[in-house]
Amino acid sequence: MNYLKKYLGVFLAALITIPTLTGCTSQDKSAVSDSANTFMAIVASDSTEDINNYATADVANGDFVQLFNSNTLVDQITAGATTTDLDDQSKQELDEFASLFSSMIKSYSISDVKLDKKDGTYTATAVATFKTSFDMDLLGGDSASSKIDEAIAAYNTNHSEEIATLYESEGTEAAEAKIYNDMLRIILDIYEDEIDNSQEMTYAIVLNLEKNSETDTWLVTGVTNYNESNTESGN
């Protein structure tokens with residue numbers, strides 16, 4: 001009988017403990033999911049104003065987040081240029097092009113949240129699946145690169161005399177500004193044509209998160225393994 005009381009006592013203690021552990025795990029999973037969802041919402045909104053509350057600086061300034069930031073895109077395209085290099089038409093077309101990236105993420109969801117603890121540090125992973133209105137790798141693809149190379153060759157052939165005359169009559173600055181604006185608009189047209197002919201795409205990434213024990217919040221510390229899934233057509 002004493003043995004039975006002993007085992008019953010252990011069993012009852014375990015029953016009392018289980019809800020506490022389950023509650024903690026469920027609460028943490030919910031917090032991880034909330035942080036991951038908010039992180040993706042910020043990325044999709046084309047605004048990084050509050051992202052430091054949900055991600056480390058490395059992630060906030062990393063390739064994944066910046067890919068969907070239209071301001072970063074404009075800076076990359078116009079790297080090395082000055083404000084005076086861009087004429088009004090180029091500025092307008094560049095703004096219109098950048099706006100395509102500001103709404104690139106059409107939808108997203110968070111799933112498969114997993115928690116871990118090692119050496120007193122709580123970490124988690126969550127899978128973020130998201131749909132984009134066009135291929136994320138489109139700008140660096142072979143098709144766009146080939147068309148740009150062809151366009152540059154054609155421009156050099158078709159405008160060589162015009163540019164030479166401009167160098168002589170108005171100087172280097174005016175000639176190079178014209179070349180820059182002409183080529184910028186040509187390249188943007190090629191990119192936009194590629195986007196128009198692209199399909200909706202679905203991707204999956206793994207978000208790595210870590211818990212801040214002082215604030216009891218979760219931060220995204222890494223974005224890994226985003227892979228192309230299926231196109232909208234299911235191919």
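Colleague: Let's start with Asp28: is Asp28 buried or exposed?

Modeller: Keep in mind that this is a predicted model. The way to read burial is by relative accessible area, where under 20% means buried. Asp28 comes out at 10%, so Asp28 is buried.

Colleague: Which residue does Asp28 form a salt bridge with?

Modeller: The general idea first: side chains of opposite charge can pair when their charged atoms come close. Here the partner of Asp28 is Lys211, and the closest N and O atoms are 3.2 Å apart. Lys211 is buried too, with a relative accessible area of 17%.

Colleague: What separates Arg185 and Asp182 in helix α7?

Modeller: About one helical turn, because Arg185 and Asp182 are three residues apart in helix α7. Their side chains meet in a salt bridge as well, at 3.4 Å from N to O. Both Arg185 and Asp182 are buried.

Colleague: Now the helices themselves. How do I read the way α6 and α7 cross, and at roughly what angle?

Modeller: Look at how far apart the axes are, then at the angle between them. The axes of α6 (residues 142–170) and α7 (residues 172–196) come within 9 Å and cross at roughly 160 degrees. An angle over 145 degrees counts as roughly antiparallel, which is why α6 is described as roughly antiparallel to α7. The crossing of α6 past α7 is right-handed. Sorted by class, their contact has 16 nonpolar, two polar and eight charged residues.

Colleague: What about α4 and helix α5, at what angle do those axes cross?

Modeller: Roughly 135 degrees, and the axes of α4 and helix α5 (residues 88–102) come within 8 Å. α4 and α5 are therefore oblique to each other. α4 also passes α5 in a right-handed crossing.

Colleague: Which residues make that contact?

Modeller: From α4 there are Ser70, Leu73, Val74 and Ile77, and from α5 there are Leu94, Phe97, Ala98, Phe101 and Ser102. By class, the contact of α4 with α5 divides into seven nonpolar, two polar and no charged residues.

Colleague: Let's finish on Ser70. Which residues does Ser70 touch?

Modeller: Leaving out residues up to four places away in sequence, Ser70 touches Asp46, Ala98 and Ser102. Ser70 is found in helix α4 (residues 70–77). Ser70 is buried, with a relative accessible area of 10%.

Definitions and conventions:
Residues are numbered from 1 along each chain as its sequence is written. This is a predicted model: local features need pLDDT of at least 70, side-chain atom pairs count only at pLDDT 80 or more; totals for chains, interfaces and linings use all residues. Side-chain values use heavy atoms; hydrogens and water are left out. Axes are lines fitted to C-alpha atoms, for helices over the stretch in contact, and angles run from 0 to 180 degrees between N-to-C directions. Helices (H or I, at least four residues) and strands (E, at least two) are DSSP runs, numbered from the N terminus. Angles under 35 degrees count as roughly parallel, over 145 as roughly antiparallel, 65 to 115 as roughly perpendicular and the rest as oblique. A crossing is left-handed if the near helix is turned anticlockwise from the far one by less than a right angle, and right-handed if clockwise. Ala, Val, Leu, Ile, Met, Phe, Trp, Tyr, Cys and Pro count as nonpolar, Asp, Glu, Lys and Arg as charged, and the others, Gly among them, as polar. Buried means under 20% relative accessible area, exposed over 50%, partly exposed in between (1.4 Å probe, protein chains only). Contact means heavy atoms within 4.5 Å. A salt bridge is a side-chain nitrogen of Lys or Arg within 4 Å of a carboxyl oxygen of Asp or Glu.
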